[in-house]
Amino acid sequence: MDTGKLTTGRKILWAVVSVLVAVYALFPVVWIISLSLKSPSDVGNQQFWPTAVSWENYELIFTGQASELFVPALINSIGICLIATAIAVVLATLTAYAVSRLDFPGKKFILTMALGVSIFPVISIVTPLFNLWSRIGLYDTWLGLIIPYLSLTLPISIWTLAAFFRQIPWELEQAAQVDGATSWQAFRKVIVPLASPGVFTTAIIAFFIAWNDFLYGISLTSTSAARPVPAALSFFTGASQFEEPAGAIAAAAIVVTIPVVVLVLLFQRQIVAGLTSGAVKG
Amino acid sequence: MAEINLSRIVKKYGDGFPAVNDVSLRIADGEFVILVGPSGSGKSTLLRMIVGLEDITDGELTIDGERANEKAPRDRGLAMVFQNYALYPHMTVFENIAFPLRLAKDLGEEEIRRKVEQAASMLELGEHLERKPANLSGGQRQRVAMGRAIVRDAKAFLFDEPLSNLDAKLRGQMRTEIARMQRRLGTTTVYVTHDQTEAMTLGDKVAVLKRGELQQYASPQELYDEPINLFVAGFIGSPPMNFIPVRNQDGVLHSPFGPIPVTARDEAALAEAPELLIAGIRPEAFEDAALLDDATRQDRAVISATVDVTEWLGNEVYAYLPFEADAEVSQALAELDRDLDGESLRTQVVAALDSRTRIGAGDAVDLAFVPESVKLFDPRTGRNLSRDDENAARIAERSEAARQQALERAREQHSGAA
């Protein structure tokens with residue numbers, strides 16, 4: 001690799017590529033924002049920007065007729081995703097630690113199973129799950145969504161965290177044990193603080209996965225008792241059957257994006273690599 | 001303060017290969033013991049078994065007379081300095097050193113601060129206490145690791161190649177520092193290294209290991225003067241001992257450089273020895289015969305050879321003299337080289353001569369040496385046929401007396417200062 005200074009030509013090339021990627025990625029977001037600010041009559045204005053900025057759509061989903069659909073869904077989404085993330089991170093931290101540190105039979109099996117579960121197509125299990133859930137009374141409940149979400153979030157959490165744990169020099173833990181710590185103390189006082197960037201990163205990834213789910217959300221719920229936002233969006237209707245709810249959907253999409261952006265901004269500092277530098281030589 | 005006793009310790013890994021095989025060591029209270037050997041000799045494994053990071057397959061480890069095989073590391077009361085320091089990167093230097101004290105739980109904040117500051121001042125870390133390990137130099141990190149070990153009243157200090165990550169100059173300084181610290185605290189210390197210089201300079205006693213087996217456990221001087229076999233002789237000393245194939249015929253040893261007389265000391269041992277032997281002479285035993293007066297020259301044995309290369313070091317000159325070895329012996333020598341982590345490039349003799357010598361490359365030279373400085377080894381078993389057990393016992397007695405005296409003095413100074 002050329003680690004020296006970039007030539008001017010290369011700088012320009014990188015700048016152009018970066019701008020292209022940024023535009024490609026952000027254009028739909030800007031479009032949705034613009035759409036959410038158009039009033040229903042303005043949606044068909046055949047322009048990119050709204051003729052006049054209107055908060056009508058936001059009013060509609062928070063206080064208007066769509067609010068009974070959207071507000072409970074938002075609460076459901078936040079609650080279910082936070083619980084699923086918390087459980088996934090705690091379980092994954094313990095599993096990943098065991099997988100990366102201990103030698104036990106079936107270690108490979110656990111990792112392979114985790115990977116297998118994560119690549120298993122959701123659509124193929126959603127129908128049997130629907131039957132099972134309705135039979136045992138988990139259909140349309142928070143728990144009924146948290147459990148399938150764990151199947152999505154746990155594998156990736158285990159894999160990410162195992163990678164993080166492997167980076168932490170084992171000597172640190174041994175040093176702690178020689179210094180007089182029990183295994184648990186060594187884990188809590190030395191390993192967990194060092195793994196915290198990994199834990200935060202994992203938590204955010206897990207939260208996104210749960211937050212973005214649509215298939216489980218639409219299939220395993222029927223009322224606002226447990227229906228998450230992505231599923232609720234599909235139930236939006238216009239004021240009349242001839243009116244498309246595009247503006248309201250756009251506004252809701254923006255609202256559900258906000259927690260994600262806020263999360264990343266909040267934990268940006270925690271996700272710093274290189275926290276372990278200085279532990280050992282090199 | 002503790003006495004550590006290893007009795008017939010064995011470590012076998014899953015494949016049944018013994019990484020450490022039947023090692024017995026008695027480490028007296030306050031003694032500084034070095035475990036030394038080339039890579040793969042099991043020295044680190046042995047240390048990790050003492051501290052409790054590796055299970056002991058067989059044998060018994062006692063610390064202060066108490067069986068410790070099954071004890072968890074934290075219950076053994078030992079302190080260890082790791083090769084890569086293993087500092088806690090999320091804690092300041094102060095917290096790193098205080099860590100073992102905080103775990104002990106029976107100390108107040110005031111007491112902890114006092115102890116940490118005492119340890120820090122001993123290691124000259126006082127001004128770095130609030131820094132993080134990432135911002136320290138290699139030598140400072142090394143000292144923090146030592147601070148963490150000395151801050152509590154550990155029964156013994158264990159060092160696992162603590163200096164191998166430092167540059168040559170710092171290594172020399174830290175070596176002296178460790179020796180001084182150990183003498184001052186008088187704490188039992190076990191120190192692992194692959195560097196024979198560290199072993200010789202630091203240790204009260206040195207255990208030489210080869211492929212998991214203990215070769216010799218003695219004071220540095222005894223290892224140097226009375227090595228028990230070819231391996232120890234080749235491992236201890238720098239530059240290493242020269243090994244020359246000789247044939248014992250009619251009371252004379254025929255070497256590629258000419259005849260060497262058999263000394264009275266060796267006559268008995270040679271009666272049952274094979275004809276073909278390996279003679280070991282240390283480079284520093286050679287003198288340039290041209291620089292000796294006639295009287296001295298009378299007592300010396302002399303060999304003649306042509307110098308291939310010389311290296312002038314200021315205080316001495318290394319002269320290199322190549323020779324052709326017998327096939328039978330060269331195989332034994334090549335194997336020895338492999339054991340010593342070396343590569344047998346060519347058979348040659350190195351002579352460390354006084355820098356007044358005038359010899360240069362290509363010169364024919366007469367090298368004089370005291371005949372008793374030649375050690376004879378059996379090429380098949382590697383055993384030192386010239387070993388003088390009485391002399392070895394005398395050396396052991398003397399070094400033990402010197403150690404006791406040093407400890408006594410340290411105690412007096414300590415109580416005087418307190």
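How many salt bridges does the rule find across the interface of domain 1 of chain B and domain 2 of chain B? The count is two, and point 3 below takes up this interface. The model discussed here is predicted.

1. Chain A. This chain has 11 helices and zero strands. Along the principal axes, the C-alpha atoms of chain A fill a box of roughly 70 × 65 × 30 Å.

2. In an unreviewed entry, UniProt gives the label "transmembrane region" to residues 12-33, 73-97, 109-130, 142-165, 190-211 and 246-267 of chain A. Two of these spans can be described from the model. Residues 73-97 of chain A are 100% helix and 0% strand, and 35 Å lie between the end C-alpha atoms. Residues 246-267 of chain A are likewise 100% helix and 0% strand, with the end C-alpha atoms 32 Å apart.

3. The two domains of chain B. Domain 1 of chain B runs over 4-225, and domain 2 over 238-386. Taken over C-alpha atoms, the centres of the two domains are 38 Å apart. The contact between them involves eight residues of domain 1 and seven residues of domain 2 of chain B. About 630 Å² is buried between the domains, and carbon and sulfur atoms give 32% of that area. On the side of domain 1 of chain B, the residues that lose the most area to domain 2 are P38(B), R211(B) and Y224(B), which together make up 58% of what that side buries.

4. Polar links between the domains. One of the two salt bridges across this interface can be named from its side chains: D339(B) and K210(B) meet at 3.4 Å, N to O. Five residue pairs, both members at pLDDT 80 or more, are in polar contact between domain 1 and domain 2 of chain B. Helix α8 (residues 220-225) of chain B, with three residues, gives the most to the side of domain 1 that touches domain 2. By class, that side of domain 1 of chain B has three nonpolar, two polar and three charged residues.

5. The annotated span of chain B. UniProt, again in an unreviewed entry, places the annotation "domain: ABC transporter" on residues 4-236 of chain B. This span is 38% helix and 25% strand, and its end C-alpha atoms lie 25 Å apart.

6. The contact between the chains. Which chain supplies 27 residues to the contact, and which supplies 23? Chain B supplies 27 and chain A supplies 23. The area buried between chain B and chain A is about 2,200 Å², and carbon and sulfur atoms give 61% of it.

7. Polar links between the chains. The rule finds one salt bridge across the interface of chain B and chain A. The side chains of R148(B) and D179(A) form a salt bridge, at 3.4 Å from N to O. Eight residue pairs are in polar contact across the interface of chain B and chain A, with both residues at pLDDT 80 or more. On the side of chain B that touches chain A, at least two residues each come from α1 (43-51), α2 (73-76), β6 (78-81), α3 (93-104) and α5 (138-150) of chain B. By class, this side of chain B has 18 nonpolar, three polar and six charged residues.

8. Backbone details in chain B. The peptide bond from S238(B) to P239(B) is cis, with omega near -5°. P239(B) is placed in the loop between α9 (230-235) and β11 (242-249) of chain B. The other place is R8(B), whose phi is near 50°, a positive value in a residue other than glycine. R8(B) is part of strand β1 (residues 4-12) of chain B.

Methods:
Residues numbered from 1 in each chain as written. Chains lettered and ligands numbered in written order. Heavy atoms only, no water. Domains from an automatic or database assignment. Contact = heavy atoms within 4.5 Å. Buried area = accessible area lost by both parts, 1.4 Å probe. Salt bridge = Lys/Arg side-chain N within 4 Å of Asp/Glu carboxyl O. Polar contact = N/O pair within 3.5 Å; in protein donor to acceptor, adjacent residues only side chain to side chain. Helix = DSSP H or I, 4+ residues; strand = E, 2+ residues; numbered from the N terminus. Nonpolar A, V, L, I, M, F, W, Y, C, P; charged D, E, K, R; others polar. UniProt positions renumbered as here; feature names shortened; annotations may be inferred.
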